[in-house]
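Thanks for coming. I will go through a few local features of one structure, so please have the sequence and the model open.

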Amino acid sequence: MTRYAEVMPDVANRRLDRTYHYIVPDNMKVAAGMRVLVPLQGRQIQGLIVQVADSLPKEAGGKELRPILEILAGEAVPAEMIELARWLAETTLCSVAQSLRTVWPLLKGKVEDWVIPLAGREDPDVEALRWLDPGTYACLEVLGRSRRQGLPLKTFLQRAKVSGDFLKELIGQGWVKTETRFCSAWKTGTRTGRTPDNREKREYETGERTGPQVSALFRAPGEERILSREQKAAVTEIIAALGKEAAQTLLLHGVTGSGKTEVYRRVIHYLLTQGGDAILLVPEISLTAQLARYFQADFGSQMLVLHSGLKPGEKARAWEKMLEGNVRLVIGARSAVFAPLPALRLIILDEEHDQAYKQDENPKYHARDVARKRMEYRKGVVLLGSATPSLEAYAAARSGKAALLTMRERIGSCILPPVEVVDMREDLAKGNRSLFSLSLQSKLRERLERGEQSMLFLNRRGYATFVVCRECGYVVRCPDCDVALTYHTQDEVMRCHYCNHTEATPHRCPECGSRYIRFFGLGTQRVEEELRGLWPEARVLRLDWDAVHEHGHEEILAAFRRQEAQVLVGTQMMAKGLDFPNVTLVGIVAADQTLQMPDFRARERTFQLLTQVAGRAGRSEKPGEVVIQTYTPADRAIQHASVHDFEGFFWEEIRYRKERRYPPFTHVIRVLVQGEAEERVIKGAHELAAALLRRMPEDGNGNTDLLNVLGPAPAVLPRLKKQFRWQVLVKGKNIEVLRAFLHSGIEKFFQSSVARGIILNIEVDPMATA
């Protein structure tokens, strides 16, 4: 009986982004999830078997089918992950191939032509070629040194320094042959470990066969510390949710210093004793090491740190350990949400509000959405934790779509620090032209005298925001991006923070030749310099991308923790996850920087950032203080942050969002139209907008409750990395209607000649529209 396989090709091409049917050879045993080599449009590609059947569906009948060429080695992709990839492609409007490689990175690789020797160097005939035909002998010598019984075609031609015609002669003479191979970017073994169904064999390292009583979790393993009343309530609620074995989302809203991490640890400890596995996500790679140390004592070798910064070999070994069942807890950044833990029951997103959880390359997924989808399949729990939840998450909790757990008090005797808002306009009127207000200077001086530590926050690295000629107004800009270069004193260069283009600082204006070149704006290097000018004896450390690149993130934090410096100056890297007992003062140098961004989330992001940074002060017995410097002290984000009032800010901001029809009351899909030719990009953006408007309902005009087409308009960064950028936004209440509407419009757009040379970058519910 003939059998048929439905195969998804691993090709990131929208025209080929569908399944194809192939004949399964009689001597081949295949199953769903296996990788195979198949022919498609004149070439051989990797494909993933989605389904095997004894008959063909009607739509495939009557077509000439070709057989599967061979089965490729490697771990079979579970049905859960195939379904997840299809869902990801549908919801993020990208190809299934891109989604599959994201969900199951073991698929990464390529099909290549290889040159294989047909005789070894020890063969007497080959040895004779040393004198009779040195050229052929040299080729076989190159192949003989390979440990993989051959070489990729391109590599062979380069190493042997021969042409394709010479290779044909070698093949004709019978010395070599060519064959097609799939070369994986990963090397993994065969899975021999546990599966989700053999839980009776899954014992936690403590040796307990049955989980501890919930009350026993209120005392940390090996410690005397007792959980607070609010921590106990949170642990109890989360464990109860896990016991229901139903997909649920819980939001843990706890002020900074309320002990959310300890709640995570107790819940994970309980879950592992019950045979479950867990994923704990953090927004940045730099936070994984710190959190891993916190959990290491309890979970030991059953814990694994996973993030995109690992080298391919390290990633391969990590996946091997997970597939073998040797890992119970994964801690990592965004991509760790796909960790293939066999008995996954809990996914935690710490600092869930952070925009780093949104992928900025295809597929443009949000880790929160992926976590919910995975727990929907596994009937598990998604736990979102934050002192400043995203408006979307908090609105869902208030409407009953997620359970809300609240921790309003810091642990122990710590209290939230008082916040002073300084109007910098008044300081300027008093004659103070320093970066630091008179109040902040006084409080910094007090800390230096008392031997306490301070943290100063400014969300811009470098020394000056831009360099300008005072005579003609010329601003030094990046030649590849439409942005001003930032001056860095450390290496005395100007650098683009988008493409990393660097230039020497001009001493004369390149436009008019004037010597009056001036630096405007400020960055962390400028703050550091001014500190040293005011207090030369003060020891200062800087925590920004440049300093981390040179000295290392952990090294800087460790030095500050050892109190080798009295002041830490930093960007948003220091806004979360840091706990220094001797820090009693936090100064926010310029609170208006994020507030004035052209984005509807600017006010929310400012509130979150101010609250998180302020939360670094007074986290021990020593009381803390916070100083916020601003030119807009009456803004609601600053006013509510100054009294740690999340709920007050939420209700004001959610009212504003509803009036303006912004998320979470609508959905937004942004299409960036990109290309190297500016005229073509502008024409393409207008054609795309027209194609969408033509598909509006008959009574629609591009401005209805159901659908709203905005643009086209230049992107906030109209040129980036040599690409001109325009954008079209589509807004609407129903995300499914939006996706279908946009998909049909894009299909129509690509049928026109205007689409040539145009790249469309699509993002559903972008974290920033700027």
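I start with an open sheet of 3 strands in the order β19-β20-β21, with antiparallel pairing. On average, neighbouring strands here are turned by 35° against each other, direction ignored. Strand β20, residues 493-495, pairs with β21 in the antiparallel sense over 3 bridges, and Met-494 stands opposite Glu-503 in β21. Pairing requires that DSSP finds at least two bridges between two strands. Helices (H or I, at least four residues) and strands (E, at least two) are DSSP runs, numbered from the N terminus.

On provenance: this is a predicted model, where local features need pLDDT of at least 70 and side-chain atom pairs count only at pLDDT 80 or more, while totals for chains, interfaces and linings use all residues. Residues are numbered from 1 along each chain as its sequence is written, and side-chain values use heavy atoms, with hydrogens and water left out.

Next, a helix pair. Helix α7 (residues 229-243) packs against helix α8 (residues 260-273) at an angle of about 35°, and their axes are 10 Å apart. Axes are lines fitted to C-alpha atoms, for helices over the stretch in contact, and angles run from 0 to 180 degrees between N-to-C directions. On the α7 side, the residues in contact include Val-235, Ile-238 and Leu-242, and on the α8 side they include Val-263, Val-267 and Leu-271. Contact means heavy atoms within 4.5 Å.

Is helix α12 enclosed or open? Of the 8 residues of α12 (residues 391-398), 7 are buried, so the rest of the structure largely encloses this helix. Buried means under 20% relative accessible area, with a 1.4 Å probe and protein chains only. Among the buried residues are Glu-392 and Tyr-394. The cover over them includes β9 (248-254), β14 (381-386), β15 (403-407), α19 (602-614) and α21 (646-660). After α12 comes Gly-400, with a positive phi near 90°.

Last, one residue. Leu-742 lies in helix α23, residues 735-749, and is buried with a relative accessible area of 0%. Leaving out residues up to four places away in sequence, Leu-742 touches Leu-93, Ile-669, Val-671, Leu-692, Val-730 and Ile-762.

Technical notes: Buried means under 20% relative accessible area, exposed over 50%, partly exposed in between (1.4 Å probe, protein chains only).
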